[in-house]
Amino acid sequence: MHILSNEQQAELYGPPSVTEEERELSFSLNDNEKSKLLDRESELIKIYYILYLGYFKQKAVQLRPELHTIKNDFEYIRDRYFPNSHCVIIQLTPNQKYKIYTKIFDVVAIKRFGASSALELEIFAKQAAVSQNRAVELFDEVIDWLRIQDIEIPSYNKLQEIVTTAFNKEKNRVISIADSVLSQKTQRLFKRFLTDSEQKQMFSYIRYEGRDFSKSELNKELEVFDILAGIANDVLPMIVILGIPNERIKYYAELFSEISLSRQKKRREAEFNLYLSCFIYYRYRSLVDYFGDAFIFHVDQIKKEAHEAANAQMLKVKSSMDDLMVEGAKILSFFTSDSKESFSSFAEAKNKAEEILGEDQLNNLITHMSRSKFEKDRYFWEFIDTCKSKITVTLRNILCRLKFVDTVDSGLLLQQVDRLKIEVEEKGLVETIDNRLAKKTKDYLYDPARNLIATRAEYHIYSLVSQRLHNTHWCLDSGIRYQPLEKMLVAENEVGALLECVNAEAIKKDVSGLLDDKLDELNKMLSLVPCRVKTKENESLILERHDGKHSWTIKKVKGTKIVNPKMFDSVPKTDITRVIFRVAQDSGFMDDILHRTGKKRTEKFEEKLIACIIANATRRGIYKMADLCPFSHDTLLRFEKNYLTVENVRHSCDTISNAISKLKIFGLYNYRPDYIHASLDGQKLHSRKNTKRVRYSSKNFGKGKGLYANSLIANHVPVNVSLNALNVHESHNVFDLLYNNTSDININVASTDNHGVNRFNFALLDLSDWEFAPRYARANHVFSSMFDVVEGEGEDDWSLILSEPINRKVIEEGWDYVKRVIVSLHQKNVSQQDLVARLSKSSPSDKKLKALREYDRLIKAIFLLNYVNDGSFRHYIQTALNKGEAYHQLQRCFEKIGEGGGFRGKSDKEIDVWYECSRLMANCIIYFNSVILNYLLENAEVTKNDERIKVLARTSPVAWVHVVLGGYYPLEDLRDAPDLLALAQNIMVA
């Protein structure tokens with residue numbers, strides 16, 4: 001097993017890149033390090049000692065570099081420390097190198113990798129292998145462990161041996177369990193999938209996933225559920241015994257679903273059983289979630305249609321009654337004090353009234369006036385009567401297949417549901433309802449003879465179930481997103497051991513010391529903010545007093561347009577095909593696009609890949625792309641199926657992101673040195689096809705159906721993205737996007753707008769070593785709701801206090817549960833998005849989460865004080881969000897190239913591939929521009945043009961005015977890539 005490519009090995013074991021500015025610091029020596037420079041040693045040894053020590057402090061690995069890669073650094077050290085030396089660089093002998101590294105280990109805190117270290121690493125690798133899907137992911141975990149433990153990185157062969165052994169042992173372990181635990185009946189059934197012709201069709205049938213909640217798609221999924229239900233009783237317990245996280249189960253399941261039946265036959269029978277079991281486990285549980293979503297969707301749809309019908313009927317009746325109301329007013333005027341009419345008897349008054357309105361009309365008016373308050377409800381339930389098929393077929397079929405878990409109720413509704421299932425199975429209709437569940441609606445659930453109206457009663461029960469599911473007061477047995485919170489979290493007895501594997505220091509601190517630090521910081525800021533306002537140091541925060549009431553004004557920061565900077569107007573136009581190819585040459589991202597089956601590359605691989613990337617990125621699809629490039633539709637379709645997986649394209653995006661981050665211009669965008677401030681924001685995307693994620697939303701009313709992309713942008717680079725349904729709150733993705741950022745760009749702080757804020761994100765990110773810095777649209781209201789002003793004796797004597805003091809005792813008493821939540825988020829047992837969503841929807845009275853909510857309030861208070869105290873901090877938050885908006889404008893430009901039709905993918909997976917291609921093409925343009933700007937920066941530094949450096953720090957690489965995105969794509973002469981230095985020179989002379 002070859003885990004790293006030759007290029008990746010060379011990068012890991014090659015000398016670090018040291019710029020001229022960094023050399024002075026990198027190769028400086030302290031007194032202890034100087035003490036190892038012995039006079040009796042040759043200048044060559046001394047120079048190499050300084051050189052390798054400088055490298056080792058940056059990368060803890062014993063190097064075997066090519067001489068040409070270290071020559072400049074060697075000569076710098078010689079000229080600096082031995083100016084009169086004529087020593088030339090030559091290769092060291094093994095004995096000389098051993099002697100040098102012996103000295104180095106004497107002066108650094110990093111330990112040699114020896115037998116004891118190897119044993120510890122093997123134990124760690126064995127534990128970590130349980131949660132890793134691929135060997136390269138385990139390799140990265142091992143490198144991180146060595147760094148944290150301050151142990152040198154051993155040879156690649158040694159690491160590969162340890163990782164491969166641990167990975168294969170773990171894989172063989174789960175295969176053997178699957179083989180031994182599965183019943184013989186289930187194993188025979190699995191074998192028939194590969195041999196029996198009828199079962200082959202069934203095999204294809206269960207792999208198909210419903211695209212939406214329409215009746216036809218729902219019926220297909222109900223059939224699949226019934227097929228899997230019997231097998232699941234055997235598979236589900238077996239998967240639990242495996243003891244692997246859900247992310248790994250999902251990985252096996254997706255791997256299985258993407259591979260053809262012919263390739264499945266080539267696997268070992270035990271391996272096939274494992275992959276199929278994982279597929280069934282994940283498919284079955286996903287179906288439970290699908291039915292939960294479908295149930296809520298159809299109940300809401302009926303409710304919405306019923307309200308619309310009731311409103312329409314009310315308008316119709318009101319319109320017909322308008323004339324009668326005018327005449328009725330004349331009759332009522334008989335009884336006013338200034339009435340001109342006088343009657344000697346009631347009979348005379350009645351006769352006069354009948355002249356104005358007939359008896360039937362008068363009775364209709366009286367009925368309308370006496371019941372107008374209740375008419376809308378009556379019309380609502382009359383419409384429910386017309387929905388019998390949806391209620392008794394669609395909704396009933398879903399409900400009868402679901403097993404509910406009641407987490408907060410008294411059990412009354414759950415008993416009613418159990419009774420309903422029995423009644424509809426035996427009698428075909430609902431016969432009873434507990435009136436305690438229908439206090440507000442019971443008048444409409446019975447006819448005048450007090451007989452229960454079955455359809456209405458059944459709908460009412462379903463609406464109550466839907467509310468419980470939506471509010472997560474009810475959960476679904478065997479679901480993934482709908483499972484109880486306790487099942488989402490790791491077991492209490494595992495928290496201590498798993499905490500050591502969490503790559504975050506804050507949660508590992510003693511809670512008492514952590515709170516001391518945070519409360520000290522809070523108190524300092526509570527004193528500092530009023531002081532700076534009183535002394536006019538902070539003029540952006542204004543306290544106003546009116547009649548004993550206090551109000552705050554926080555001056556807002558204006559955004560600026562940062563796309564298509566004018567300097568790119570002077571750059572000659574370049575076709576997007578050549579932009580992508582040039583970036584591929586520089587970054588090597590095409591090496592990440594591998595054939596699904598491991599076959600060698602097809603002929604004209606680069607040209608076909610570029611064609612598919614552009615087709616998907618611009619939402620055209622390969623069908624239209626075939627008319628705009630030299631390749632046929634069939635050729636592009638075959639290439640896309642073989643090469644374009646979500647995983648492949650994401651790795652390519654990471655490769656480009658990493659290449660951008662290594663440019664000096666990338667660091668110039670930082671708010672402060674080596675401190676990366678990212679932003680997260682959502683963008684509505686259109687889709688022509690229905691999928692489970694594609695839907696309409698009230699927020700985007702009139703803009704058509706679609707979904708949204710929540711993107712993580714770091715210094716203009718889109719490092720991660722999550723595609724979601726429009727009813728998924730943006731705040732649920734913040735931790736998910738940060739944690740699953742697989743690029744080398746390490747983010748320190750993340751900003752969002754109001755949509756990224758919930759009751760837990762401040763705490764979750766702080767305890768995972770990230771800072772959360774949202775921009776509040778109405779920051780003055782948020783600030784005044786959290787802090788009170790205490791007036792002193794003097795006119796300008798006032799202080800700040802929290803409206804509600806932090807309850808330290810609550811945090812300390814509930815800290816064990818807080819650690820359990822954080823460990824669960826880091827363990828991949830469940831999707832971070834699902835877990836954060838469940839936390840966000842939890843009841844405010846949930847005592848278990850009280851400590852986490854209180855700690856979140858503490859971190860939020862500290863942030864708000866910093867937010868109002870530092871105008872430059874607010875400005876940079878706005879700047880970070882502007883960078884995200886610039887990326888969204890580039891995506892909108894891509895959509896316009898495809899005539900604004902949106903995605904055409906038929907499934908969520910296809911849309912994922914299309915959008916990742918879009919992100920890849922955006923990354924290529926950003927890299928292309930970043931290199932040009934980097935040349936300008938290097939020139940400005942050489943010429944000491946400080947003004948230009950300041951301009952470049954504000955110049956965005958998100959520009960496409962000089963890139964030809966549309967038209968015909970000849971895909972010829974790609975290797976005649978543009979000279980980026982020459983393009984930069986065009987700007988210099990402009």
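Student: In which sense do strand β7 and β8 pair, and over how many bridges?
Tutor: This is a predicted model. In it, β7 (residues 706-714) pairs with β8 in the antiparallel sense, over seven bridges.

Student: Which residue in β8 is the bridge partner of A709?
Tutor: L723 is the partner of A709.

Student: What is the strand order in the open sheet?
Tutor: The order is β8-β7-β6-β9-β10, five strands with mixed pairing. The edge strands are β8 (717-724) and β10 (771-772), each of which pairs on one side only.

Student: Which strands does helix α38 lie across?
Tutor: Helix α38 (residues 871-897) lies across β6 (677-686), β7, β8 and β9 (749-751), and runs at about 30° to β6. Helix α39 (residues 908-942) also packs on the sheet, where it touches β6, β7 and β8. The direction of α39 makes about 165° with that of β8.

Student: Switching topic. At roughly what angle do the axes of α18 and α21 cross?
Tutor: Roughly 45°, and the axes of α18 (residues 388-399) and α21 (residues 454-470) come within 10 Å. The angle makes α18 oblique to α21. The crossing is left-handed.

Student: Which residues make the contact?
Tutor: From α18, K388, I391, T392, L395, R396 and L399; from α21, T455, E458, Y459, Y462 and V465. By class, that contact has six nonpolar, two polar and three charged residues.

Student: And what joins β11 to β12?
Tutor: A hairpin, through six residues. Strand β11 (residues 787-791) and strand β12 (residues 798-802) run antiparallel, joined by five bridges. D788 stands opposite I801 in β12.

How values were computed:
Residues are numbered from 1 along each chain as its sequence is written. This is a predicted model: local features need pLDDT of at least 70, side-chain atom pairs count only at pLDDT 80 or more; totals for chains, interfaces and linings use all residues. Side-chain values use heavy atoms; hydrogens and water are left out. Two strands pair if DSSP finds at least two bridges between them. Helices (H or I, at least four residues) and strands (E, at least two) are DSSP runs, numbered from the N terminus. Axes are lines fitted to C-alpha atoms, for helices over the stretch in contact, and angles run from 0 to 180 degrees between N-to-C directions. Angles under 35 degrees count as roughly parallel, over 145 as roughly antiparallel, 65 to 115 as roughly perpendicular and the rest as oblique. A crossing is left-handed if the near helix is turned anticlockwise from the far one by less than a right angle, and right-handed if clockwise. Contact means heavy atoms within 4.5 Å. Ala, Val, Leu, Ile, Met, Phe, Trp, Tyr, Cys and Pro count as nonpolar, Asp, Glu, Lys and Arg as charged, and the others, Gly among them, as polar.
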